[in-house]
Amino acid sequence: MESRARAGEAMIRTETITGRAAPWEAALIAAILIAGGFLTVFGAAFATDPMFKVQMYMAMAGFVLGLGGLTFWLGQDRAEQATRYHDNVVKAGVIASMFWGIAGLLVGVVIALQLSFPNLFYFPDLGWTNFGRLRPLHTSAVIFAFGGNVLIATSFYVVQRTSRARLAGGLWPWFVFWGYQAFIVMAGTGYLMGVTQGREYAEPPWYADLWLTLVWVVYLLVFLATLWKREEKHIYVANWFYLAFIVTIAMLHIVNNLAMPISFADWFSYSAFAGVQDALTQWWYGHNAVGFFLTAGFLGIMYYFIPKQANRPVYSYRLSIIHFWALIFLYIWAGPHHLHYTALPQWAQTLGATFSVMLWMPSWGGMINGLMTLSGAWDKLRTDPVLRMMVVSVAFYGMSTFEGPMMSVRTVNALSHYTDWTIGHVHSGALGWVGFVSFGALYCLTPWLWKRERLHSNALVEWHFWIATIGIVLYITAMWVAGIMQGLMWRAYDQLGFLQYSFVETVEAMHPYYIIRALGGLLYLAGALLMAYNLWRTARGDAPARAPVPHAVPAE
């Protein structure tokens with residue numbers, strides 16, 4: 001044991017005594033930034049489209065800032081006390097997650113108000129505020145900007161602790177972080193200008209896709225290299241979920257975004273696929289973006305942070321391994337259920353529905369595993385609102401993974417597809433499962449990373465939990481009722497065989513439910529603002545709002 005401790009101390013000293021990057025790392029990153037800068041100069045000079053020229057100038061500014069930051073970092077005297085883990089990049093990820101989360105939720109509230117009160121929130125002279133441009137901005141901001149930063153930050157934190165190894169790569173984790181932020185800014189500003197491929201969850205243009213591919217490959221290599229040099233022999237199950245998320249998203253992203261630009265001086269491109277093959281490729285990607293980005297990655301969070309916060313082992317480690325392999329094998333085949341009653345061959349539609357129904361079993365196995373981890377610690381739900389938030393997120397995971405397979409059945413899909421029932425289903429998973437488990441992880445990480453004894457205010461976490469929960473309930477119930485009503489009105493015929501309702505009549509009938517949805521979104525945003533304030537006060541080191549009450553010790 002003593003020799004192992006000495007070896008660990010030597011490893012810490014050799015890796016972190018100066019904090020400097022290896023010369024080849026800095027040189028390679030500088031070469032990437034310089035090459036990118038030259039390409040953007042040529043792109044701006046020969047641009048045939050004004051929006052492409054603006055995007056190239058923005059990218060050029062990003063590369064220049066990156067070179068300036070790299071030069072400044074290398075010029076600093078980095079000699080400092082050795083640290084066991086590389087946590088500064090995780091801190092940056094926590095801050096970025098909170099920033100993009102509030103931005104994405106705010107845009108979501110704006111578009112919900114546009115649908116509720118179009119006369120008040122429609123500005124014909126400001127084209128970039130149109131629903132058609134803000135809607136993809138909202139989905140990308142909450143999924144990829146907020147969710148992506150949460151996944152990168154938590155994966156970097158978890159892989160270090162469960163491997164007992166410092167994050168590999170020196171400067172490369174910072175390249176992943178800042179490269180991902182650059183992609184978000186490039187994609188988001190493009191949406192506002194109308195630069196989009198028009199593919200759900202895959203809106204960014206070809207040059208942004210190429211940059212993200214580079215960043216994502218580096219992310220994978222950093223994660224794998226950290227696992228490779230681990231001191232812990234066993235690879236904890238959370239790392240398997242993170243690794244599956246990273247690898248599968250890379251494959252999905254590359255295949256779905258295969259395209260040929262009309263010119264290297266224009267943002268527009270043509271997909272490598274056409275017709276029904278294009279639709280199938282898109283929804284193979286679209287459903288598995290949900291499956292591996294919004295499910296597998298966040299299950300990695302569940303399997304680390306719930307046991308850690310509850311101070312209990314995972315209920316069944318064997319069940320977690322079965323959950324992993326069943327989910328990974330089944331999810332990839334479920335995409336065709338988005339294309340019922342289309343030109344897609346019947347056998348492919350049936351395949352998608354069959355695998356979707358089969359997914360119910362491993363999904364609920366994972367939910368049960370997460371909930372039963374609290375065996376012997378259920379009393380903590382009364383006093384720990386962070387743990388309560390994460391446990392409720394698992395309950396929403398179970399609900400969403402029951403509703404999804406049910407909606408994939410053709411007879412149910414005939415009613416639900418193209419209606420707001422789908423919007424309610426998506427948001428029960430997004431707000432309840434992804435949002436709450438992310439908030440719980442950020443609440444855990446902030447005092448751990450900034451070395452605080454506890455959060456600034458548990459009372460604010462209580463307020464956040466209840467306000468956000470009420471917001472979710474209002475949102476999803478309004479969309480369930482509106483969606484089912486919408487589907488029934490669309491298929492209603494009068495005694496002469498004509499449609500009983502016009503499309504405008506269905507929109508008019510849904511108006512009160514749209515207002516309820518906007519109210520639910522406002523409440524959810526209000527909870528996130530309370531959270532940001534609480535985390536800021538915690539990171540600053542402000543005194544806790546109230547000292548914790550000591551637990552009573554039972555008599556012998």
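Mentor: Helices here are DSSP runs of H or I with at least four residues, numbered from the N terminus. The model is predicted, and helix 10 gives the most to the lining of the largest cavity, with 4 residues.

Trainee: What makes the space a cavity, and how many are there?

Mentor: A cavity is a set of points where a 1.4 Å probe fits but cannot get out. The count comes to 1 cavity of 30 Å³ or more, and the largest cavity holds about 30 Å³ of space. Besides helix 10 (275–310), helix 13 (360–372) also supplies at least two residues of its lining.

Trainee: Which residues line the largest cavity, and of what class are they?

Mentor: The lining is made up of M302, Y303, I306, P307, V314, N369, G370 and T373. By class, 5 of the lining residues are nonpolar and 3 are polar, with no charged residues.

Trainee: Why are W174 and F177 called an edge-to-face pair?

Mentor: Ring centres must lie within 6.5 Å to pair, and planes over 60 degrees apart count as edge-to-face; W174 and F177 are 6.1 Å apart centre to centre with 85° between the planes, so the pair is edge-to-face. The two are separated by about one helical turn because they are 3 residues apart in helix 7 (residues 172–193).

Trainee: Is F177 buried or exposed, and how do you know?

Mentor: Buried means under 20% relative accessible area, and F177 has 5% relative accessibility, so F177 counts as buried.

Trainee: What makes R517 count as lying over the face of Y514?

Mentor: The CZ of Arg must be within 6 Å of the ring centre, and R517 lies over the face of Y514 at 4.7 Å from the ring centre.

How values were computed:
Residues numbered from 1 in each chain as written. Predicted model: local features only at pLDDT ≥ 70, side-chain atom pairs only at ≥ 80, totals over all residues. Heavy atoms only, no water. 1 Å grid on protein atoms, 1.4 Å probe; cavity = no way out; pocket = protein on both sides within 12 Å on 5 of 7 lines; lining within 4 Å. Points joined across faces, edges and corners; volume = space filled by probe spheres on them. Nonpolar A, V, L, I, M, F, W, Y, C, P; charged D, E, K, R; others polar. Phe/Tyr/Trp six-rings, centres within 6.5 Å; stacked < 30°, edge-to-face > 60°. Buried < 20%, exposed > 50% of the residue type's maximum accessible area, 1.4 Å probe, protein only. Lys NZ or Arg CZ within 6 Å of the ring centre and 35° of its normal.
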